[in-house]
Amino acid sequence: MMLFIRLVGFFIARRISAGTALSFVVLIGMLVFVGMLNGARTRAAMLGDTVQRFGPAVAPMPAVSVDVGSVHTQVWDATNLTYVATYPGGVLLPLRLSSRWLFIILPLVGLLLASREISQELESGVAQSVYAAPIRPSVLGMARVLGDSMGIALLIGIGLALAVSAAGCFVRLGFIGGQVVRSITFVIILGFYTSVFVLVGNLVSALLRSSIQSVWTCVAIALVVFAGQMAGENLFIARHRSYPTIPFPPRLVNEYLYSHDMWMTGAPPSAEELAADAPPEVHRYLLELAAHGQRLFEMVQADYRRERWFAAISPVHLVWEIAGQLLQDRHENATEIFAPQPPVDPTPPVWLSLRRAWAELLGMVAVWLALFGLNIRVLSRLEV
Amino acid sequence: MERVASWGGAFLSMTPIPRGAVPGQVLFSNEGATGDDLSTSSLAGVMLYALPFASLLIGVAMSPPRGGESLTVLAAPIRRTVLYLAHVAALLCYVAAVMAISWGLCGLLLLVAGPSGQSVQHQLNGAFACSSLYAAIFASVGLWFGVWFRRRSAAILVGLALVIVLTGVFPNLGGLLTGSYFDANPELVQPTRDTGDWPDDPAFLAILAIRHTPANALQRILHEIADPTPTRLDSTCLCRVAWSSAGIINEELIALGAALVVGILAGTMIFMRRELCEP
């Protein structure tokens with residue numbers, strides 16, 4: 001057992017200290033860091049522009065229109081817009097604004113980092129020395145697979161966490177307790193997500209035994225992952241159904257809601273208040289809005305559930321669903337952004353958001369375990 | 001009723017990005033203006049993010065092979081520069097052919113599926129020209145890396161790192177630095193808003209250079225193709241800037257052309273000095 005732990009430690013250390021892996025982590029960290037800074041700036045600019053165009057009398061309202069595209073995209077964008085307009089601070093919004101690209105780039109990085117590992121050892125003859133050691137091949141294989149995937153997951157996790165923290169400190173985003181826990185969980189999940197592709201890369205490398213061939217194969221797999229994501233989104237666009245619409249509220253409605261201290265945290269006006277002092281136009285509009293919101297929410301929820309099945313074949317959709325639930329702290333379920341109901345107060349705990357994406361999390365763990373088993377099988381029978 | 005007026009979503013009255021409403025937005029929409037990453041599933045997203053990597057791979061695959069074949073050719077009375085430039089020419093023809101086929105298919109799809117007419121043809125022509133140029137830049141870099149690194153796998157890894165920097169880091173960095181510059185020099189916001197000309201300040205040159213890196217340049221061209229109105233919101237400097245679309249497109253095309261020339265020249269220089277024996 002001690003030998004196994006030492007071997008795992010050795011492979012983790014080797015992974016973490018590898019120059020290529022470190023360079024990629026620095027690059028991805030830079031990507032997130034700059035993306036978060038720009039996200040924070042864009043948010044300030046958009047808020048300024050809104051106030052300039054509409055004045056401060058703009059009342060926040062439920063999302064009431066669904067654009068063309070997948071419902072996942074709509075929920076993600078609507079949440080972003082809400083946060084842009086009414087954001088109290090913290091790292092969630094900048095992280096949302098800068099993370100979508102990671103869902104595609106991390107598989108590519110994981111695959112390429114692992115693609116040359118075993119094949120290069122076979123080509124250079126290092127594998128002969130390693131496998132000549134008096135250790136059972138299955139133990140060696142298990143330690144190697146575990147060490148490699150954990151090493152990359154750790155490296156990516158630490159790199160992303162450092163980038164997010166640095167960006168947070170740099171623009172004084174503020175570290176709000178719940179948001180920090182969500183961000184850390186998200187970073188851990190991204191590390192795990194990358195490690196799945198490290199296992200795929202290792203497998204390809206061991207099976208093909210040629211570094212250039214395995215690099216090209218891994219590139220092809222990464223392109224398939226990208227194409228899967230693209231095909232899914234466009235399929236949803238093609239099957240997009242028409243959702244009900246409602247005209248934008250008249251200025252009077254905005255002014256009324258604003259006068260009732262609705263700007264940031266105010267409670268909505270009660271039915272009595274509305275009956276007492278709301279002009280008939282406002283009253284009518286809000287009634288229409290209630291009926292419209294409920295209808296729209298039901299449709300969105302149904303479509304959202306259907307779209308989640310696509311995650312079974314598209315890793316990007318899988319991790320995106322988890323991110324969609326995790327990187328928001330206003331609702332128990334991300335789709336409730338379309339519901340005509342107020343945000344949850346206090347903010348929902350992280351485990352509740354994770355529970356909403358249980359199928360995707362379970363799927364990711366199952367795939368990891370399957371790949372782990374396959375890797376051990378291939379590595380323990382590797383001819384050197 | 002109490003639940004109705006609560007705040008839960010996007011501003012109803014705030015529609016910062018009119019999507020799909022402008023008749024010109026057939027191929028490209030104005031998405032990405034929220035500061036979010038451009039959707040990778042859209043045509044613009046594929047062009048910006050997938051095209052560089054794919055063309056880089058084509059470049060690496062078409063780079064002069066080490067060993068016998070190249071050495072035999074070089075044994076003939078032929079200049080190294082000529083050999084490399086022949087590779088470049090073949091590569092550019094290949095990239096242009098791939099782009100022509102892709103956009104041709106896209107045009108056919110549009111003809112079959114719906115919107116057609118002069119505006120689409122104009123957009124298709126523009127998209128073909130700028131995407132070919134954009135792909136050629138990364139393909140030439142791939143060719144250069146294929147010569148520079150002894151192992152092609154190393155060339156691909158370094159190429160991927162470059163693609164991440166150019167398409168992921170620089171677009172955000174350009175917006176960030178521009179915004180910071182105008183924050184530090186608020187007196188320049190009004191003149192920029194009025195004239196649309198960037199400040200003459202030498203310190204701004206570095207920011208301009210970043211703003212004209214390939215991905216930034218292509219993104220701005222796509223914005224202009226999607227929404228060719230002369231006045232548009234530039235969220236990075238908090239101002240509405242009156243620019244001529246044609247001016248922006250020409251400027252960015254020049255930037256893309258310059259990047260292509262740099263890629264080819266650098267590759268030629270490396271090829272002149274590189275041994276071509278087997279790794």
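This is a predicted model: local features need pLDDT of at least 70, side-chain atom pairs count only at pLDDT 80 or more; totals for chains, interfaces and linings use all residues.
**Figure 1. Helix α8 of chain A, end to end.** After α8(A) comes Arg172(A), which has a positive phi, near 50°.

**Figure 2. Chain A as a whole.** How many helices and how many strands does chain A have? The count is 16 helices and 0 strands. Of its 384 residues, 52% count as buried. Now take the contacts in chain A with a separation of 6 or more: 87% of them come from residues 24 or more positions apart.

**Figure 3. Helix α6 of chain A and what covers it.** This view zooms in on α6(A), which runs over residues 117-124. Which of its residues are buried? They are Glu117(A), Ile118(A), Ser119(A), Glu121(A) and Leu122(A). The cover over these buried residues includes α5 (102-115), α7 (126-132), α8 (137-170), α9 (177-208) and α10 (211-238), which also belong to chain A.

**Figure 4. α6 meets α9 in chain A.** One of the helices covering α6(A) is α9(A), and here is that pair by itself. Their axes come within 6 Å and cross at roughly 30°. Angles under 35 degrees count as roughly parallel, so α6(A) is roughly parallel to α9(A). On the α6(A) side, the contact is made by Glu117(A), Ile118(A) and Ser119(A). On the α9(A) side, look for Asn202(A), Ser205(A), Ala206(A) and Leu208(A).

**Figure 5. Phe197 of chain A and its neighbours.** Staying with α9(A), find Phe197(A), which sits in this helix. Is Phe197(A) buried or exposed? It counts as buried, because it has 27 C-beta neighbours inside 10 Å and 20 or more is enough. Setting aside neighbours within four places in sequence, Phe197(A) touches Pro107(A), Gly110(A) and Leu111(A). Take Leu111(A): it is 86 residues away from Phe197(A) in sequence, yet their C-alpha atoms are 5.3 Å apart in space.

**Figure 6. α1 packs against α8 in chain B.** Over to the other chain, where α1(B) and α8(B) (residues 214-226) have axes 10 Å apart and pack at an angle of about 165°. Angles over 145 degrees count as roughly antiparallel, and therefore these two helices are roughly antiparallel to each other. The crossing of α1(B) past α8(B) is right-handed. From α1(B), the residues making the contact are Ala44(B), Met47(B) and Leu48(B). Their partners from α8(B) are Ala215(B), Leu218(B), Gln219(B) and Leu222(B).

**Figure 7. How confident is the model in chain B?** The average pLDDT of chain B is 75, and 71% of the residues score at least 70. Where in chain B is confidence lowest, and where is it highest? Lowest is strand β2 (residues 239-242), with a mean of 45, while helix α1 (residues 43-61) is highest, at 88. Over residues 32-36 of chain B the pLDDT is below 50, and the model gives this stretch 16 contacts beyond near neighbours in sequence. Residues 231-243 of chain B also stay under 50, with 38 contacts beyond four places in sequence. As for the overall scores, the model gets ipTM 0.78 and pTM 0.83.

Notes:
Residues are numbered from 1 along each chain as its sequence is written. Chains are lettered from A and ligands numbered from 1 in the order in which they are written. A residue is buried if 20 or more other C-beta atoms lie within 10 Å of its own, exposed if 12 or fewer, and partly exposed in between; C-beta atoms are placed from the backbone. Helices (H or I, at least four residues) and strands (E, at least two) are DSSP runs, numbered from the N terminus. Two residues are in contact if their C-beta atoms, placed from the backbone, lie within 7 Å. pLDDT is the predictor's confidence in each residue, from 0 to 100. Axes are lines fitted to C-alpha atoms, for helices over the stretch in contact, and angles run from 0 to 180 degrees between N-to-C directions. Angles under 35 degrees count as roughly parallel, over 145 as roughly antiparallel, 65 to 115 as roughly perpendicular and the rest as oblique. A crossing is left-handed if the near helix is turned anticlockwise from the far one by less than a right angle, and right-handed if clockwise.
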